[in-house]
Amino acid sequence: MKDIMMDIRHLKKYFNTPAGKLHAVDDVSVSLERGKTLGVVGESGCGKSTLGRTILCLNEPTEGEILFYGREKGSYGANLVTATKKERKLLRPKLQMIFQDPYSSLNGRMTVSQLIAEPLLVNRICKNRAEVDEKVVEVMETVGLARRLAMAYPHELDGGRRQRIGIARALVLKPEFIVCDEPVSALDVSIQAQILNLLMDLQEERGLTYLFITHDLSVVRHISDTIMVMYLGKCVEMAPADEIFSNPLHPYTKALLAAIPIPSVDSCHKRRELLQGEVTSPINPKPGCRFAARCPHARESCRSAKVPFTERTSGHYVACCQ
């Protein structure tokens, strides 16, 4: 039996614009298993980051439920959407986020030790300054930051070390769930591997649960147990990582996989899935499949009726009529 840590049901996040409501996240339902990684992929603007921020209630949800079940069931399990301000404050240490840009997400006027200590001070976790310093040193060693960098400022460090600060800030409160919002996209390839390996090691040691957001399919395959493909706020396909790569069912997923560069001379003869047509506007979208305008297999029913999200094989869900 699966140990579900977070259950997201019919989550929606709409933004008001002069032209109407922008459906950034539209009726997404997913369960996150404890100690596992759910990878979220899709092109820019599909709602990946908004989904992560809405799950943590950094963006207030428009509709839906976010049910969090802590390790100590009953002690701080709650529906984050309906939780009071006081209840959310108690839950905050258990739910953390690693932001995409390792520079703009850090206060340039604070040293490394001050940046890592800030969550402890805000949440009043420690009894005195000595305990704060002890926890800061401990988490710096955990993420591979040398003690000599404690008094350094972010601008004095490279991108890899800055991202380690972001990871340390998330870890210092000993969370159970972390949203990783493209944590390696701004880093060099060699540094990306170091950060990914660090995240995987920490998950194994601490039993962490990740929502890993990225547009790099090679990265998401390396770290994820399950992959969810998003298109214009909708989840169009979800399956175990190996299943997504070996047996993609949705035309959009097939196009994403076909776009992965292959380092081989023979790959130039490979037939690619090329997408035609215009991207549908996410503002006041019409009923039907939002990918229909670009789908080579679209029928009239795809454009007029709601496409159900159904289970084709065990654990493999897709929203497609073909």
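A crossing of two helices is right-handed if the near helix is turned clockwise from the far one by less than a right angle. The views below come from a predicted model.

**View 1. Helices α3 and α4 cross in a right-handed sense.** The axes of α3 and α4 come within 9 Å, and the angle at which they cross is roughly 120°. On the α3 side, the contact is made by V112, S113, I116, A117, L120 and L121. Helix α4 contributes R129, V132, K135, V136, V139 and M140 to the contact. By class, the contact of α3 with α4 comprises nine nonpolar residues, one polar residue and two charged residues.

**View 2. The largest nonpolar core contains 41 residues.** Within this core, I116 and I167 touch the most other members. Two or more residues are given to the core by each of the helices α3 (112-122), α4 (129-143), α5 (159-171), α6 (189-206) and α7 (217-223), and likewise by the strands β7 (177-181) and β8 (209-213). Helix α6 gives the most, with six residues. In soluble globular proteins, nonpolar side chains tend to be buried together. Leaving out residues up to four places away in sequence, I167 touches I98, V143, I195, L198, L199 and L202. Apart from this core lies another one, of 30 residues, which includes M6, V25, V28 and F68.

**View 3. Helices α5 and α6 are packed through a contact that includes I167.** The axes of α5 and α6 come within 10 Å and cross at roughly 20°. Angles under 35 degrees count as roughly parallel, and the two helices α5 and α6 are therefore roughly parallel to each other. The crossing of α5 and α6 is right-handed. From α5, the residues in the contact are G160, Q163, R164, I167 and L171. These meet I191, Q194, I195, L198, L199, L202 and R206 in α6. The contact of α5 with α6 has seven nonpolar, three polar and two charged residues.

**View 4. Helix α1, spanning residues 48-55, is mostly covered.** Six of the eight residues of α1 are buried. The buried residues are K48, T50, L51, G52, T54 and I55. Just after α1, C57 takes a positive phi of about 65°.

**View 5. T253 is located in helix α9, residues 251-258.** The relative accessible area of T253 is 2%. Buried means under 20% relative accessible area, so T253 is buried. When residues up to four places away in sequence are not counted, T253 touches V229, E237, I244 and P248.

**View 6. G288 occupies the loop between α9 and α10 (300-304).** G288 is buried, with a relative accessible area of 18%. Although G288 and C302 are 14 residues apart in sequence, their C-alpha atoms are 5.5 Å apart in space. With neighbours within four places in sequence set aside, G288 is in contact with C302, R303, S304, A305 and K306.

Definitions and conventions
Residues are numbered from 1 along each chain as its sequence is written. This is a predicted model: local features need pLDDT of at least 70, side-chain atom pairs count only at pLDDT 80 or more; totals for chains, interfaces and linings use all residues. Side-chain values use heavy atoms; hydrogens and water are left out. A nonpolar core is a set of buried Ala, Val, Leu, Ile, Met, Phe, Trp, Tyr and Cys residues joined through side-chain atoms within 4.5 Å. Buried means under 20% relative accessible area, exposed over 50%, partly exposed in between (1.4 Å probe, protein chains only). Helices (H or I, at least four residues) and strands (E, at least two) are DSSP runs, numbered from the N terminus. Contact means heavy atoms within 4.5 Å. Axes are lines fitted to C-alpha atoms, for helices over the stretch in contact, and angles run from 0 to 180 degrees between N-to-C directions. Angles under 35 degrees count as roughly parallel, over 145 as roughly antiparallel, 65 to 115 as roughly perpendicular and the rest as oblique. Ala, Val, Leu, Ile, Met, Phe, Trp, Tyr, Cys and Pro count as nonpolar, Asp, Glu, Lys and Arg as charged, and the others, Gly among them, as polar.
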